[in-house]
Amino acid sequence: MSRRVPRSRVPLVLALGAALTTPLALTSPATATGQYAVTALKFTVQAGGRTCTVDADLYRPADVDAAHPAPAVLATNGFGGSKNDGSTNAIGKAFAERGYVSLVYSGLGFGRSGCLISLDDPAIDGQAASQLVDFLAGKRAADDGTNADFVTQDGPGDPRVGMIGGSYGGAIQLATAAVDHRVDALVPMITWNNLAYSLDPNNAVGSGSVPGVFKWQWTNGFYLIGEGQTLLEPSLDPSRINSLACLHFVTKACDTVRTLNSGSYPADKTAELLDYAHSVSPVSYLSRVEAPTLLVQGQADSLFNLNEATATYRTLKAQGTPTKMIWQSWGHSGGLTDPASGELNLSQGNLDSSYVGKRILAWFDRYLHKQRDVGTGPAFAYYRDWITDPNGTYATAAQVPALSQKMYLSGDGKLVDNRKKVARGSRTYTNWLIPTSHSENSLTGIIGLPDPAPYDTRGTYLGWTSEPLARTVDVVGAPRATLKVVSPKAERTQDSGNAADKLVLFAKLYDVAPDGTKTLVHRLVAPVRVPDVTRSFTVTLPGIVHRYEKGHRLRFVIAASDDAYFGNRGIKPVTVVSAPQDTGVLELPVA
């Protein structure tokens with residue numbers, strides 16, 4: 001069964017803090033021993049039509065000067081953090097010790113940096129970061145006159161520079177690389193591909209302009225942290241104040257949150273919401289990213305799940321951008337401050353001994369030091385929590401496993417491996433006006449609220465359970481389900497002109513032990529707003545890495561609600577009908 005990773009009890013300061021384990025056949029750089037000096041700097045930048053100051057720290061190795069230059073590493077904080085976070089300044093320290101010039105800064109709207117919070121918008125945050133690349137290129141000085149004439153240059157005004165960071169500090173890398181092709185290497189960790197999917201997910205394949213199901217706990221947690229900056233940082237730079245109606249975010253970000261919280265999706269508001277979310281997401285600008293990219297995503301992450309990194313990986317790979325991907329153990333939902341033994345944890349300084357740390361160092365050796373003989377590891381690697389040997393926790397593959405095993409939803413509630421075993425039948429559930437299913441309490445990571453085990457209330461969900469497995473099954477990737485439901489009330493309201501009237505449901509996959517104990521793997525669910533209830537639809541579940549042991553059973557569930565999300569408007573009974581030649585299908589990517 002999947003081990004439940006302890007959930008973080010810290011605020012949503014989501015920078016790079018912990019990561020992963022086991023060695024491959026990589027060239028391992030020497031352990032850091034170098035000395036360095038740290039200089040606090042200020043940069044006046046133009047961003048989003050505003051002039052503001054960026055607060056930064058420059059980490060300069062002792063033996064680096066104009067005659068002996070070194071490549072640079074640029075990094076910033078996670079949402080709500082600053083350059084002074086333990087994990088953010090640890091980046092500066094860790095890479096300066098290894099001979100890199102490190103420039104670590106507080107992102108726009110955080111710490112002592114000015115300007116509004118603009119969600120890593122390439123036209124704002126990316127352009128601001130590009131002005132810091134100008135500093136590393138020797139094209140501009142810091143506000144106090146400090147120049148960086150000690151960074152390796154690939155040409156006039158073109159510094160050798162890589163970027164690394166997690167979450168908010170991950171997306172900024174892609175945004176910067178999209179507007180500034182001088183960036184040479186990226187390591188985005190636990191970050192998003194599409195904020196529309198992250199905060200308002202619709203896991204129905206091909207849902208297009210149909211909005212998803214509002215992830216209200218995560219979204220409002222971030223929103224309150226952003227709007228509460230006056231409490232977190234007294235005497236704010238005036239450039240960080242927008243208006244009384246939207247204190248610290250750009251106006252479109254506040255408008256988006258208000259639309260989501262309204263629970264209403266009229267066509268015009270939906271178009272605005274999706275357009276804005278896409279504009280500040282890598283999904284809209286990856287075509288402009290040329291820098292080699294090592295993606296690291298967390299399995300324990302209900303905010304930015306594995307599907308986000310997979311979407312980015314496939315896009316970059318298809319367009320020829322050098323790309324590799326690692327699925328580590330921890331993410332926003334667990335392990336940020338207490339990663340599993342052997343996993344990357346910068347606060348412990350274990351870049352040289354952790355699997356992911358070695359992969360990162362090799363990536364920078366290859367693309368920043370231009371060491372052509374350094375191997376950067378396999379195309380795809382994933383952490384396995386059922387392996388106890390610290391030297392074998394990671395498996396590798398040339399690609400993410402394809403969907404390879406089908407199971408069918410029988411009318412008697414069984415999950416069977418052959419259509420001929422499907423019994424004819426129908427079953428019905430009905431939603432209540434309040435949530436009746438629980439997957440997680442996202443606020444656990446913010447204020448330490450208790451998080452009960454996942455549950456579903458009788459009569460408000462349907463489940464299909466397999467026979468005990470005759471052999472161990474390792475699922476690696478995103479399961480997929482094709483469903484057909486009957487809901488006359490939903491059918492009558494789905495064309496109202498307000499997408500909020502469409503049917504909402506939640507798909508999920510449990511592991512049932514021989515003693516009846518149920519595990520919802522990393523508490524992940526697939527919210528769906530059904531595009532057209534009169535047609536079959538396909539649902540892509542969040543990616544997982546999980547071993548279903550011999551003797552365990554798989555249980556596929558569709559539920560009417562989930563208390564971490566908004567649900568249906570009104571009561572909408574749902575019936576699922578099964579027959580051997582016309583039934584739901586669950587497909588699994590079995591490694």
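**Aromatic pairs and charges over rings**

In this predicted model, Trp-464 has a relative accessible area of 1% and is therefore buried, since buried means under 20% relative accessible area. Phe-556 is likewise buried, its relative accessible area being 0%. The ring centres of Trp-464 and Phe-556 are 6.2 Å apart and their planes meet at 35°, so the pair is classed as tilted. Because Trp-464 belongs to strand E18 (residues 461-465) and Phe-556 to strand E26 (residues 553-559), this pair ties together parts that are 92 residues apart in sequence. A charged residue is also found at this site, as Arg-427 lies over the face of Trp-464, at 4.9 Å from the ring centre.

Across the whole structure, the search finds 22 aromatic pairs. One of them is formed by Tyr-168 and Trp-192, a tilted pair with 6.2 Å from centre to centre and 45° between the planes. Tyr-168 is placed in helix H3 (residues 168-179), whereas Trp-192 is placed in the loop between strand E8 (183-189) and helix H4 (195-199), so that the pair ties together parts 24 residues apart in sequence. Tyr-168 counts as buried at 4% relative accessibility, and Trp-192 also counts as buried at 4% relative accessibility.

Note on methods. Residues are numbered from 1 along each chain as its sequence is written. This is a predicted model: local features need pLDDT of at least 70, side-chain atom pairs count only at pLDDT 80 or more; totals for chains, interfaces and linings use all residues. Side-chain values use heavy atoms; hydrogens and water are left out. Rings of Phe, Tyr and Trp (its six-membered ring) pair if their centres lie within 6.5 Å; planes under 30 degrees apart count as stacked, over 60 as edge-to-face and the rest as tilted. Helices (H or I, at least four residues) and strands (E, at least two) are DSSP runs, numbered from the N terminus. Buried means under 20% relative accessible area, exposed over 50%, partly exposed in between (1.4 Å probe, protein chains only). A charge sits over a ring if NZ of Lys or CZ of Arg is within 6 Å of the ring centre and within 35 degrees of the ring normal.
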